[in-house]
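Here are a couple of exercises to work through with the viewer open. Try each task before you read its solution.

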Amino acid sequence: MCHQTVSLVARQLEAAGIPTVLFGTAKDIVEHCGVARFVFSDFPLGNSCGRSFDAVQQHQVLELGLQLLEHATAPRTTVQAPDVWGDDDTWKQLIFTEEQPFLSGEALENWLAAKQRYRDQRAAAQ
Amino acid sequence: MSEHVRYMDRTRDYYVSQGYEKPYQWAHHTDVPFSLLTKPLSECRVAIVSTSDVAIMGPDGQRDRSNEFSVGNVYSLPSDTPVDQLYSRQEHYDQHATNLDDVNAYYPVDRLRELVEQGRIGSLAPSFHGVYTGYSQRKTADVDAPEAVRRCIEEEVDVAVMTPV
């Protein structure tokens, strides 16, 4: 969801004349929305700009974005960072499954509470 | 290397299994606005615009619970805030596979500062901007995105680095 929101903002920056490059891990959501330039890392949600505590790899990811800014000539230009998260792809199979709920415990309660606040705000605004 | 995760399919199936009946309609656009860079990156002023919900820690170096759950609106942070004073309030990431301990992995402040030192980019804008992840695409499009644009124009941003969590 935060991939969608940041994509929507990127679109308006582009429309206002400010070039953007988006770094993300949810390829389908960003490309479905449609953005100018996108560096895709096939990493878990949480590592949009590279591997944690790996400055060298993070710089490689950022550099891909800078090159897009310099060389892309049309919107919807996506490049994929070459790195893989690890030998084990289990995280891809488990995310958003009943076996491994995306949110649980306090995070789930906070999400439900935030949804309710949003409903309340909408109701109050009407 | 296996296929990337198809989050739209995965979340639809997941929430149906949790009893939600109406599938979420993801934003979709056929037209995509595009602006070309008009000067070398080494002369560009760069800002981060992010939905990673990054905040500044309280004076005691702890998470500041008082601002944890503010909803809506765009907010700005000084771009020279030391990274060890920053943290993300986001909970919507893959908590089983990773963590948000390294802010630079989703909000690359140190990496951008290094790029300025190297002369690869010109400078950093005085402020970086946060946009709350919205349930309402309309609010994002009508309120939050225009505000983020306004703040970037005000600080004469040449390039925006967009990062979700």
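Two residues count as in contact if their C-beta atoms, placed from the backbone, lie within 7 Å. The model is predicted, so local features need pLDDT of at least 70 and side-chain atom pairs pLDDT 80 or more, while totals for chains, interfaces and linings use all residues. Residues are numbered from 1 along each chain as its sequence is written, and chains are lettered from A and ligands numbered from 1 in the order written.

**Exercise 1.** Work out what chain A brings to its contact with chain B.

Step 1: count residues. Chain A puts in 71 and chain B 68.

Step 2: find the elements, using DSSP runs numbered from the N terminus (helices: H or I, at least four residues; strands: E, at least two). Helix 1 (2–15) of chain A gives the largest share of that chain's side, 13 residues.

Step 3: sort by type. The side of chain A splits into 38 nonpolar, 20 polar and 13 charged. Here Ala, Val, Leu, Ile, Met, Phe, Trp, Tyr, Cys and Pro are nonpolar, Asp, Glu, Lys and Arg charged, and the others, Gly among them, polar.

**Exercise 2.** Trace the pairing around strand 7 (residues 159–163) of chain B.

Step 1: strands pair if DSSP finds at least two bridges between them. Strand 1 of chain A runs parallel to strand 7 of chain B, with 3 bridges.

Step 2: list partners. A:Thr20 bridges to B:Ala160, and A:Val21 faces B:Val161.

Step 3: look within chain B. Its strand 1 (residues 45–50) also pairs with strand 7, parallel, over 5 bridges, and B:Ile48 stands opposite B:Val161.
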